[in-house]
Amino acid sequence: MKFPKLAALASVAFVVSFFLPAFAGAKGYQCFEFCWKLLLGHQSQTVDPFGRIYYSAFVVSNLAFVVLVGLAIVKAGYTKTRFVASAVIFFHVLSWLFLNLAKETVETLQLQPGYYLWLAAYALLVAAHFVPIPPNPALVEPLET
């Protein structure tokens, strides 16, 4: 699968995840709205200071996702910076699963399909920045012999 195709697939999964139930019956966009309000300070009374920073970082991760998908589609090739950035936001999103598993049992886990699709979108983004694209032969000058 080519680099832009992985990024396009990641973006489709990302968008669809916002319309599926993600956590405790809330759709992905509702979870994003909750995190956005925390970032702006509108709901800080209901969450401890660490939680406020942690949940606000999901807004940053989502915005970074959009930027990194754009870079994956526009700029071919492999850069370590884009790969590391996409891996960091993937692990941030993955940490939500482990935090929930620490509080809940597998049977009572409140994560729903939208979260898992959202996580898969981030995994695809990491793959999109990991798989190098060979240069276009039409753009490479032939070697003189």
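These legends walk you through a few close-up views of a predicted model.

View 1. Helix H2, which spans residues 28-40, gives the largest share of the patch, with three residues. Leu-39 has a relative accessible area of 35%, so it counts as partly exposed.

**View 2. The salt bridge between Glu-33 and Lys-37.** The structure holds one salt bridge, and the side chains of Glu-33 and Lys-37 meet in a salt bridge at 3.7 Å, N to O. Where along the helix do Glu-33 and Lys-37 sit relative to each other? Both belong to helix H2, and because they are four residues apart there, about one helical turn separates them. Glu-33 is partly exposed, at a relative accessible area of 40%. Lys-37 also counts as partly exposed, with 32% relative accessibility.

**View 3. Phe-83 and Phe-130, an aromatic pair that links distant parts of the chain.** Aromatic rings come next, and the count of aromatic pairs in this model comes to 22. In this view, Phe-83 and Phe-130 form a tilted pair, with 5.3 Å from centre to centre and 45 degrees between the planes. Phe-83 comes from helix H4 (residues 80-103), while Phe-130 comes from helix H5 (residues 113-130). The two residues are 47 residues apart, and their pair links distant parts of the chain. Is Phe-83 buried or partly exposed? With a relative accessible area of 21%, Phe-83 is partly exposed; the cut-off for buried is under 20%.

**View 4. Trp-118 and Tyr-122, an edge-to-face aromatic pair.** Here the rings of Trp-118 and Tyr-122 pair edge-to-face, 5.5 Å centre to centre, with 90 degrees between their planes. Trp-118 and Tyr-122 are both in helix H5, and because they are four residues apart, about one helical turn lies between them. How accessible is each partner? Trp-118 is buried, with a relative accessible area of 12%. Tyr-122 is buried too, and its relative accessible area is 0%.

Note on methods:
Residues are numbered from 1 along each chain as its sequence is written. This is a predicted model: local features need pLDDT of at least 70, side-chain atom pairs count only at pLDDT 80 or more; totals for chains, interfaces and linings use all residues. Side-chain values use heavy atoms; hydrogens and water are left out. Buried means under 20% relative accessible area, exposed over 50%, partly exposed in between (1.4 Å probe, protein chains only). A salt bridge is a side-chain nitrogen of Lys or Arg within 4 Å of a carboxyl oxygen of Asp or Glu. Rings of Phe, Tyr and Trp (its six-membered ring) pair if their centres lie within 6.5 Å; planes under 30 degrees apart count as stacked, over 60 as edge-to-face and the rest as tilted.
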